[in-house]
Amino acid sequence: MGCIDFPSDFPSSDTMMSVLKKVFEKSWKVDLDIEDINSWLKNFTGNFFNAEEEQRLALWLLCNFTYYNDTEINQLCSVLFRKFVHTLMADYGLTSSEQVEDCISRLKFTSIGRPSESGGLILYHFRQEARLSTDCFIFPTSIEATKSDIIVCIDDVMISGGTAQRFFHQNREHFKGKKIYYLTLLSSNEALSKLNELNIQVISCAILDERNRAFSEESLCFFKYPTLKEPAKIMAEGYGKLIEPKKALGHRDGQYCFGFSYNIPNNSLPIFWSSSNGWNPIFYRKEKYQNAKQAKREYDFFI
């Protein structure tokens, strides 16, 4: 078992606990407290380093977690709509509010994937912030039938781009002859490139790059304390392999530290969200079930 040499100015566990308590209350506005943190820290039992050292590293990762509450999601949707309007004005030479309003009234908004998935939830926030009529929104299955020649697809996160690629491939006949905009709160450069190849214009509030990945060479998380990056990765990946063997550092090696009030993306580190093999997460992730067998549940508590 190795020993971690913490820099002299690295914050103590008590300091980070105090900071997190304020973050929970003032910034994230989430129903978490010190007891929840302590319960989560008990997962780190000293498998790779001294338990106290592991827990100190875990607290640092949690301090670098970005949590978007409902208010912030609304703000992101507002920013996204403004960016979209600016793009429309540039693409179609719109010079007045009347022209913009007329253009928007003739296009249609839809979600990516099924109505029950996160894209549909973001549509609700987006519609409110953009102050759009419900008539502007359609189901993906109605794309082909609509007379609008501009379709705006909305999603929350696009990291690998695979889901979006599959969606557009499966519905390519519906989109034929239409201009497609893809609006998303967060996107990666990799995903942007994939959709650009399909002639789909992507607009995002923020672009995720290597700086956002916890253990990359450019990681902002360990910019000030580079010597702690490798032991933190050993710990996170080690426990990750125990709880989520196929995505120890997140789906497709995501290594991200962010989540939304309604769910945590599986691209984020599993030590935050997994509940497998007895792991007690700090954030509970609601898994997406693809069929009734996967979603089988017990109804005894109703009886």
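**Note on the predicted model: cores, sheet and loops**

1. The largest nonpolar core has 43 residues. Leu 62, Phe 272 and Phe 283 have the most contacts inside this core. Two or more residues each come from helix H1 (13–28), helix H2 (34–41), helix H3 (51–63), helix H10 (229–243) and helix H11 (270–273). H3 gives the most, with six residues. Please read all of this as a predicted model.

2. What does Leu 62 touch, leaving aside residues up to four places away in sequence? The list is Leu 20, Phe 24, Trp 28, Ile 37, Trp 40, Phe 272, Ile 282 and Phe 283. Two of these partners, Phe 272 and Phe 283, are named with Leu 62 among the residues with the most contacts in the core. In soluble globular proteins, nonpolar side chains tend to be buried together.

3. There is a second, separate core of 38 residues. Val 85, Leu 88, Ile 104 and Phe 109 are included in it. Val 85 and Leu 88 belong to H4, and Ile 104 to H5. The packing of these two helices is taken up next.

4. Helix H4 (residues 70–92) packs against helix H5 (residues 97–105). The angle is about 105°, and the axes are 11 Å apart. Angles of 65 to 115 degrees count as roughly perpendicular, so H4 and H5 are roughly perpendicular to each other.

5. Which residues meet where H4 packs on H5? H4 brings Phe 81, Val 85, Leu 88 and Met 89. H5 brings Val 100, Cys 103 and Ile 104. By class, the contact has seven nonpolar residues, no polar ones and no charged ones.

6. Now the sheet. Four strands form an open sheet, in the order E2-E3-E4-E5, with parallel pairing. Strand E2 (108–111) and strand E5 (201–208) are the edges, and each pairs on one side only. From one strand to the next, the twist averages 20°.

7. How many bridges join E4 to E5? Seven do, and strand E4 (residues 179–188) runs parallel to E5.

8. Tyr 68 lies in strand E1 (residues 66–68). Is Tyr 68 buried or exposed? Its relative accessibility is 17%, so Tyr 68 counts as buried; the cut-off for buried is under 20%. Not counting residues up to four places away in sequence, Tyr 68 touches Ile 73, Leu 76, Leu 186, Phe 258, Gly 259, Phe 260 and Ser 261. Tyr 68 and Ser 27 are 41 residues apart in sequence, yet 9.2 Å apart in space, C-alpha to C-alpha.

9. Asn 199 deserves a look. Asn 199 has a positive phi of about 65°, although it is not a glycine. This residue is found in the loop between H9 and E5. With 66% relative accessibility, Asn 199 counts as exposed.

10. Asp 253 also has a positive phi, of about 55°, and is not a glycine. The loop that holds Asp 253 runs between H10 and strand E6 (258–260). At 37% relative accessibility, Asp 253 counts as partly exposed.

Notes
Residues are numbered from 1 along each chain as its sequence is written. This is a predicted model: local features need pLDDT of at least 70, side-chain atom pairs count only at pLDDT 80 or more; totals for chains, interfaces and linings use all residues. Side-chain values use heavy atoms; hydrogens and water are left out. Two strands pair if DSSP finds at least two bridges between them. Axes are lines fitted to C-alpha atoms, for helices over the stretch in contact, and angles run from 0 to 180 degrees between N-to-C directions. A nonpolar core is a set of buried Ala, Val, Leu, Ile, Met, Phe, Trp, Tyr and Cys residues joined through side-chain atoms within 4.5 Å. Buried means under 20% relative accessible area, exposed over 50%, partly exposed in between (1.4 Å probe, protein chains only). Contact means heavy atoms within 4.5 Å. Angles under 35 degrees count as roughly parallel, over 145 as roughly antiparallel, 65 to 115 as roughly perpendicular and the rest as oblique. Ala, Val, Leu, Ile, Met, Phe, Trp, Tyr, Cys and Pro count as nonpolar, Asp, Glu, Lys and Arg as charged, and the others, Gly among them, as polar.
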